[in-house]
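Please consult the sequence and structure shown here alongside the text.

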Amino acid sequence: MPADRIITNARVLTMNPAQPRAEAVAMSGGQILAVGTRAEVEALAGPLTEVMDAHGRTVLPGFVESHLHLGLGGAELSHLHVTGLRGHDALAQAFRSFAQKNPERTLLMAQGADYAMLDHPVTRHDLDAMVPDRPIAMTAHDHHTVWANTAALRSAGILGGLQTPHGHEVVMGADGLATGELREFEAFAPIIALGGETRLNLGIATGAEPSPWPDAAERAIDKAKIHDGLRHCAAHGITSMVNMDGNRYTLELLREIQAEGNLLARVKVPFHLKPHMDLSELDRAEAMTRDFNDEWLQSGFVKMFMDGVVDSRTAFMLNDYPDMPGHRSEPLFTPARFCEVATEIDRRGLQIAVHAIGDAAVRTTIDGYEAAQMANGKRDSRHRIEHIELIDRADIARLGRLGIIASLQPPHPPGALDFPLMPTLERIGTARWPDAYLWKTLAMAGAPVAFASDWPVTDVSVLRGLQAALTRTPFDGCGDERLTLMESLYAYTAGGAWAAHRDHVTGQLIPGMAADIVMLDVDLETTPPAEFGKCAVMLTICGGTVTYRHNA
């Protein structure tokens, strides 16, 4: 059988331990046809075969983005981006310029704000001084806090406060009005609504479905934003992704995109279980799993939040925050309730993914997974913990023993990529720095590792993520927690595929598996890691179809 396409003269890293390296790859019918030497593979060329000379560049399995928010990322591509800006004047100039260029927008939303970008905690008055007459807001880089000006708070109807579920807060001032700081998703949902992006945020904010169901015109608006996200990811070599928010509406939009021939990657979407939900809601998760289950579009797992984030002190800690004695935050699920929930989800044969950043949140999640295993018996569950930014040493070995996946984000440690060192490190406290962001330690303890960006929390670029992974500097008094280049590449490919129960489809370049391939513009192994972020993806192929071609 002649090949449809051949990539030859390449430095092929297959991620297949039985054949780790090759010179060429042949594809046919959306699958890998052959992997081997140039002579072996080029012999499969026919008169219609496209033969591509890689000129010694690195060729890999398509990248697996193990934790992102596709709809949010696609929507935010058109927002104002303020990452790295410091001080009132720089931020004000950016907002005013954005306002002038976008006179029709009902909300001027900025992304990438950090908690220390001003020399004091941000309030609505700071933003009022920048743009007083139009609603403006900015989202923290971690996406767990929004700051809004008075006009936005008034337009959203929350200037006088808002009743929110446990763990979500409209911060109130001494004057009885909102300060402008909105913590967690249901507190800032009314602000998001001003910008017309409520439907895409439901999967992470409430886990509910749109009501009434959106009409064709509304779906077209939302699909366009998702498609923008898919194109953006394809340009970074991503062929598979795990969307860490979602509902049936998200899946239906993706199914329509698939039917239109525009699904540029394999996507998994969870059912998002909120603390207030009854366990009977898991019937919805089972229905989503049953109704969406092909090699391109799947559900099959339940996402939950156990806590918030370190910078806003909403991460659940075993010890007091050093800069706020007596405060440890609280879990969104009580330990007893989470054990009950995890056991029921596991009983139904579904995978679980839990956002847990603080060490107490991580322990509570591990305890729940252990309770589920004791109640239901050991199975190939591949339950996951997302982030694990802090972990007690006593809990490290439990991940490997229980087979819990460590879903980690190389761009997240402060100082590794775009996030500043402060206030994160002062919130964690010097004594606990050695227990933070323990990638190598967790891997050595036997925890399967999957790497991701958490886009749009950080840049979705896998190459920038690899740079962060390979160049991260240990905090003072801490060990080197970097994985090697090959271990990191594995976590972005085969490790991610395994974590998503897709290792039988993608993640390795093996005959019979999907033709999901990325070609870089360099030989990565001879390129200094500090330069990875400057490198480019030349070609992305998903299921044998070219989804991105550099300068095409």
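The side chain of K274 reaches the backbone oxygen of A205 at 3.1 Å, a polar contact (a pair of N or O atoms within 3.5 Å; within protein, one must be able to donate a hydrogen and the other to accept it, and residues adjacent in sequence count only if both atoms are side-chain atoms). The model is predicted, so local features need pLDDT of at least 70 and side-chain atom pairs pLDDT 80 or more, while totals for chains, interfaces and linings use all residues. Residues are numbered from 1 along each chain as its sequence is written, and side-chain values use heavy atoms, without hydrogens and water.

- K274 sits in the loop between β17 (271–272) and α10 (282–291); helices (H or I, at least four residues) and strands (E, at least two) are DSSP runs, numbered from the N terminus.
- K274 is buried but has no salt bridge, and E186, the nearest side chain of opposite charge, is 4.8 Å away.
- Buried means under 20% relative accessible area, exposed over 50% and partly exposed in between (1.4 Å probe, protein chains only).
- A salt bridge requires a side-chain nitrogen of Lys or Arg within 4 Å of a carboxyl oxygen of Asp or Glu; Lys and Arg count as positive and Asp and Glu as negative, with His and the chain ends not counted.
- Beyond its neighbours within four places in sequence, K274 is in contact (heavy atoms within 4.5 Å) with H168, I204, A205, T206, G207 and F333.

**Salt bridges**

- The whole structure contains 47 salt bridges.
- R5 and E50 pair at 2.8 Å, N to O, linking strand β1 (residues 5–8) with strand β6 (residues 50–53) across 45 residues.
- R5 counts as buried at 13% relative accessibility, whereas E50, at 30%, is partly exposed.
- R38 and E42 form a salt bridge with their closest N and O atoms 3.2 Å apart; because they are four residues apart in helix α1 (residues 38–42), about one helical turn separates them.
- R379 and D346 meet at 3.0 Å, N to O; R379 lies in the loop between α12 (359–376) and β21 (384–387) and D346 in helix α11 (residues 335–347), so the pair ties together parts 33 residues apart in sequence.
- D346 is buried at 5% relative accessibility, while R379 is partly exposed at 31%.
- A network of salt bridges links R363, D367, E370, D392, D395, R398 and R401.
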